[in-house]
Amino acid sequence: MNLDQAKAALATEQTAWDQVVKQPNTLERNIVLATHREEIGRLQKFILKTKQ
């Protein structure tokens, strides 16, 4: 994965996060949010390392 791909993936994950956050608070929603949060964190770390 290169920097441009990581940025695009991060934007996609953040859009998905925004859509899921609007749903009613359920266990399934919270599991999906945790998955997105993990992936967003991974992508952000990758982008920071790549910029250095």
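Helix α1, which has 19 residues, reaches 27 Å from its first C-alpha to its last, close to the 27 Å expected at 1.5 Å a residue, where the expected span is 1.5 Å times one less than the number of residues and helices are DSSP runs of H or I of at least four residues, numbered from the N terminus. The model is predicted, so that local features need pLDDT of at least 70 and side-chain atom pairs count only at pLDDT 80 or more, whereas totals for chains, interfaces and linings use all residues. Residues are numbered from 1 along each chain as its sequence is written, and side-chain values use heavy atoms, with hydrogens and water left out.

Within α1, the residues A6, L10, E13, A16 and V20 are buried, a term that denotes under 20% relative accessible area, with exposed set at over 50% and partly exposed in between (1.4 Å probe, protein chains only). The exposed residues D4, T12 and Q19 are carried on the face of α1 turned away from its buried side. At the start of α1, the backbone nitrogen of D4 has a side-chain oxygen of N2 within 3.1 Å.

Helix α2 comprises 25 residues, and its end C-alpha atoms are 36 Å apart, in agreement with the 36 Å that it should span at 1.5 Å a residue. Its buried residues are R29, L33, H36, I40, L43 and I47. The cover over the buried residues of α2 includes α1, and that over the buried residues of α1 includes α2.

The largest nonpolar core consists of 5 residues, A6, L10, I40, L43 and I47, such a core being a set of buried Ala, Val, Leu, Ile, Met, Phe, Trp, Tyr and Cys residues joined through side-chain atoms within 4.5 Å. Two or more residues are given to this core by each of α1 (3-21) and α2, and the largest share, 3 residues, comes from α2. Apart from its neighbours within four places in sequence, A6 is in contact (heavy atoms within 4.5 Å) with M1, L43, F46 and I47.

A search of the whole structure finds 1 salt bridge, defined as a side-chain nitrogen of Lys or Arg within 4 Å of a carboxyl oxygen of Asp or Glu. This salt bridge joins the side chains of R42 and E39 at 2.6 Å, N to O. Both residues lie in α2 (residues 27-51), 3 residues apart, or about one turn of the helix. R42 counts as partly exposed at 44% relative accessibility, and E39 likewise counts as partly exposed, at 24%.

Notes
A polar contact is a pair of N or O atoms within 3.5 Å; within protein, one must be able to donate a hydrogen and the other to accept it, and residues adjacent in sequence count only if both atoms are side-chain atoms.
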